[in-house]
Amino acid sequence: MAAPVRDRAVGVRPAGRAPASRTVRSGPWLLTGHDGRLIAYAQVDDAVLRWTETRPGGPDWTGPDVLPVRNMTELTVAQGRNRYAHLVGRRARSTGDAPPAVDLVYAIQYQAGRPLSEWRSAGNPHAKRERTAQMGTPAAVVDASGALHILVATAEGRLALRREDARGRWEPWLDLKVAAVLDTPAAVATDTGQLHLLAPTRTGALTWCQPRPGAVPERGPDLAVVPLPGSACGLETSPGRITYYLTDAVGGGAVAVRPGSWPVPLGGNPGDGRHAALATTLDGHPCTVLAHRDTEGRIVLGACGAEEEHHGVWWTDTGTVCQGDPVLARDGLGRVVLLALTEDGGLALARQDDGPGLSLGDWSLL
């Protein structure tokens with residue numbers, strides 16, 4: 001495989017429209033809509049901002065559209081096979097001197113560029129209000145049937161799951177019966193219809209897998225690595241098989257690990273954020289593309305053969321500094337797209353060009 005990124009294609013200063021004046025609190029997220037247009041989201045105070053490509057493959061965008069939502073402290077965005085975008089947030093409402101009332105809320109965007117549904121509450125797994133304030137940041141995943149699953153670490157360090165049934169109604173909260181979960185889990189739904197989960201603890205990583213589509217997730221093998229909280233992501237790297245990419249809290253480097261296998265060191269000098277991983281084809285070969293922010297805040301991009309991390313990852317320092325975590329997606333033409341929040345609060349995008357391997361064009365602002 002050719003070198004994944006050409007030096008001329010990265011590290012340039014983004015140019016384009018000025019960023020929105022609002023301060024981004026979390027994100028970005030990047031999805032491919034039902035019609036092939038990319039959709040980007042970012043959370044700001046009392047709203048979600050949304051940008052939409054004007055046509056598949058770009059380069060022009062509309063937005064940001066302002067989607068109001070009050071009192072939301074955290075946000076995550078998930079997507080299923082039907083391309084619906086599910087926005088799930090943690091809402092905290094203060095009422096005088098009492099502890100804040102905290103619950104999880106969700107809304108759905110069914111088509112690119114269309115209005116968002118109303119925000120609805122999915123409740124919370126705590127019986128006592130004073131405990132809800134210590135509830136963690138939610139994770140969300142949509143299974144092959146289109147059912148939304150919400151996961152959250154409770155005040156007691158347990159992992160709670162709530163999911164929709166076949167008719168779209170919420171089932172009761174499930175306690176996955178573990179303790180000492182430190183942070184938001186990583187969740188992946190495979191094309192074979194099963195849900196896979198990873199949750200970090202102080203001494204390792206816990207995993208779950210559905211024995212069959214629609215079943216309650218069951219404990220899988222613990223992983224022989226201690227993930228840095230907030231760093232893990234999962235990717236289906238072959239049919240029904242998940243690879244987790246994370247930062248080793250002990251050694252500090254990036255690793256790839258599959259349940260039942262030993263971790264594979266990847267290098268890359270990651271910082272304290274989450275890794276991004278994307279399956280694609282490069283030069284006719286199935287590959288994994290990786291991205292993270294390094295210890296100096298710069299975006300680092302990598303590529304390797306699918307499940308061939310032991311042969312090495314080709315890393316490229318883009319030279320571009322970002323806030324938060326960079327994200328990856330494929331556009332309507334199948335090209336790899338890298339999106340990140342710039343130092344001054346804008347969204348910058350670089351898209352795969354026609355060169356060999358993983359070659360990115362110039363950065364532009366949305």
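I count a polar contact as a pair of N or O atoms within 3.5 Å; within protein, one must be able to donate a hydrogen and the other to accept it, and residues adjacent in sequence count only if both atoms are side-chain atoms.

**Ground rules.** I'm working on a predicted model, where local features need pLDDT of at least 70, side-chain atom pairs count only at pLDDT 80 or more, and totals for chains, interfaces and linings use all residues. Numbering runs from 1 along each chain as its sequence is written, and side-chain values use heavy atoms, with hydrogens and water left out.

**Arg-91.** I found Arg-91 in strand E6 (residues 85-95); strands (E, at least two residues) are DSSP runs, numbered from the N terminus. Its side chain makes a polar contact of 2.7 Å with that of Asp-103. Arg-91 has 18% relative accessibility, so I log it as buried (under 20% relative accessible area, 1.4 Å probe, protein chains only). Leaving aside neighbours within four places in sequence, its contacts (heavy atoms within 4.5 Å) include Arg-70, Met-72, Val-105 and Ser-121.

**Strand E14.** Next I checked residues 195-200: six of the six are buried, so E14 is largely enclosed by the rest of the structure. Leu-195, Leu-197 and Ala-199 point one way, while His-196, Leu-198 and Pro-200 point the other.

**Its partners.** I call two strands paired if DSSP finds at least two bridges between them. E13 (residues 186-189) runs antiparallel to E14, with four bridges, and Ala-186 is bridged to Leu-198. Five residues separate the two in a hairpin, and I noted a positive phi of about 95 degrees at Gly-193 in the turn. With E15 (residues 205-209), E14 pairs antiparallel over five bridges; here Leu-197 has Trp-208 as its bridge partner. That hairpin has four residues between its strands.

Note on methods. Buried < 20%, exposed > 50% of the residue type's maximum accessible area, 1.4 Å probe, protein only.
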